[in-house]
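Subject: Handover of a structure for your review

Dear colleague,

Please find below the structure that I am handing over to you. My notes on it follow directly after the display.

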Amino acid sequence: MTSINSSTSNCPSTRVSIIGAGKVGSTLAQRIAEKNLADVVLLDIVEGWPQGVALDLMQARGVERHDRQIIGTNHYADTANSNIIVITAGIPRKPGINREDLIKINAKIVTEAAQKAIAYSPEAILIVVTNPLDVMTYLALEATGLPKHRVMGMAGILDSSRFQTFIAMELGISIAEVNATVLGSHGDLMVPLPRYSTVNGIPISQLMDAGTIARLVDRTRHGGAEIVTLMKTSSAYFAPASSVCVMIESILLNQSRILPCCVYLQGQYGVQDMFLGVPCRLGYQGVEQVIELALSDTERAAFMECSKLVWQSIQEAKAILNHSD
């Protein structure tokens, strides 16, 4: 089936290609277009699906009042010359699917998607969303050979947003007053940092007791699983799409925002050759700087614990890919 592309846009030809037109991918396409950040290419293996989603989004332009082009396609050639490529393809978390099963299925999907997309857009920045996020981002780097500052994963923004939301809900205050910080892997061993989480500059430890903070930390760690349990046949997509969109906005507009993202570490936080969530500065070239926070002994131990699990999972994923070859 051919791609769907409408009339020529008067907007600059900035392009974001999204590999995987499921709920995260299609919601992200909507966010990008309606914020007028870039033209969007939605790619999926299911014939007709991305074309239909793209046409639906195009038909909303009369209401949303933007002139961005949204293209639906089954062909990687249509993603050529993208500024940013986002990989959401793969199976989502569902009840009964463990981390190992997720790795087995998604490792090959992400590797192939990254290779094919970058072949048509060799100068693009690559953002990985597929889970297990830290592992898939590492595989995408190895598969493409891109400079490390141009490969990253979305997780920290989502995890921090969840922590931020739970803090605001607990205190009954505006979310605009809350800043939260979460480090580490995108999973049960992530490291929310109450010391670096504030309400209008006030540490949350001065506004709630240790037991309440521990409860919110635990809920943050299982924030995605809580949604999966409720939905039963799906996983979160509104908040993940919003989180990726913030990254894209900071890159395309060269905002150099400091955001928690899954980035390549080369000695920072005592970790080598691994992707983990830490604060970084995102601009037009990708990851401009990794910010290394001063951690307590307890926080550092928790960070190292999650790094060990990610390293083990990377080795599992490599073994799976080598075996499939």
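Please bear in mind throughout that the model is predicted. Although asparagine 200 is not a glycine, its phi is positive, at about 50°. With a relative accessibility of 59%, asparagine 200 counts as exposed, because the cut-off for that class is over 50%.

Strand β10 covers residues 198-199 and is joined to β11 by two bridges, the two strands running antiparallel. Within this pair, threonine 198 has proline 203 of β11 opposite. The sheet as a whole is open and consists of three strands, in the order β7-β10-β11, with antiparallel pairing. Its edges are formed by β7 (178-179) and β11 (202-203), each of which pairs on one side only.

Serine 256 sits in the loop between α9 (238-252) and β12 (257-266). Its relative accessibility is 25%, and serine 256 therefore counts as partly exposed.

The loops also contain a peptide bond to be noted. Asparagine 131 and proline 132 are joined by a cis peptide bond, with omega at about -5°. Proline 132 belongs to the loop between β5 (125-128) and α5 (133-144).

The overall picture

The protein chain contains 10 helices and 14 strands. Its radius of gyration is 19 Å, close to the 20 Å that the globule rule gives for 325 residues, so the chain is as compact as a globular protein of that length. Along the principal axes, the C-alpha atoms of the chain fill a box of roughly 55 × 50 × 40 Å.

Of the 325 residues in the chain, 53% count as buried. The accessible surface of the chain comes to about 14300 Å², and carbon and sulfur atoms account for 51% of that area. As for contacts with a separation of 6 or more, 70% of them are between residues 24 or more positions apart.

Strands β1 and β2

Strand β1 (residues 15-19) is joined to β2 by five bridges, and the two strands run parallel. Strands of a sheet pair through backbone hydrogen bonds, in either a parallel or an antiparallel manner. In this pair, arginine 15 stands opposite aspartate 39 of β2, and valine 16 has valine 40 of β2 as its bridge partner.

How many residues of β1 are buried? Four of the five are, so β1 is largely enclosed by the rest of the structure. Strand β2 (residues 39-43) is mostly covered, with five of its five residues buried. In a regular strand, side chains alternate between the two faces of the sheet. For β2 both faces are covered: Asp39, Val41 and Leu43 are buried on one side, and Val40 and Leu42 are buried on the other.

Glutamate 112 is part of helix α4 (residues 99-120). Its relative accessible area is 37%, and glutamate 112 is thus partly exposed. Alanine 140 is 28 residues away from glutamate 112 along the chain, and the C-alpha atoms of the two are separated by 8.7 Å.

Isoleucine 227 is found in helix α8 (residues 223-231). At 26% relative accessibility, isoleucine 227 falls in the partly exposed class. Which residues does isoleucine 227 contact, leaving aside its neighbours within four places in sequence? They are Arg162, Ser235 and Ala236. Proline 240 lies 13 residues from isoleucine 227 in sequence, and the C-alpha atoms of the two are 12 Å apart in space.

Yours sincerely

Key:
Residues numbered from 1 in each chain as written. Predicted model: local features only at pLDDT ≥ 70, side-chain atom pairs only at ≥ 80, totals over all residues. Heavy atoms only, no water. Rg over C-alpha atoms; globule rule 2.2 N^0.38 Å. Buried < 20%, exposed > 50% of the residue type's maximum accessible area, 1.4 Å probe, protein only. Contact = heavy atoms within 4.5 Å. Areas by Shrake-Rupley, 256 points an atom, 1.4 Å probe, with all protein chains shown as cover. Pairing = 2+ DSSP bridges.
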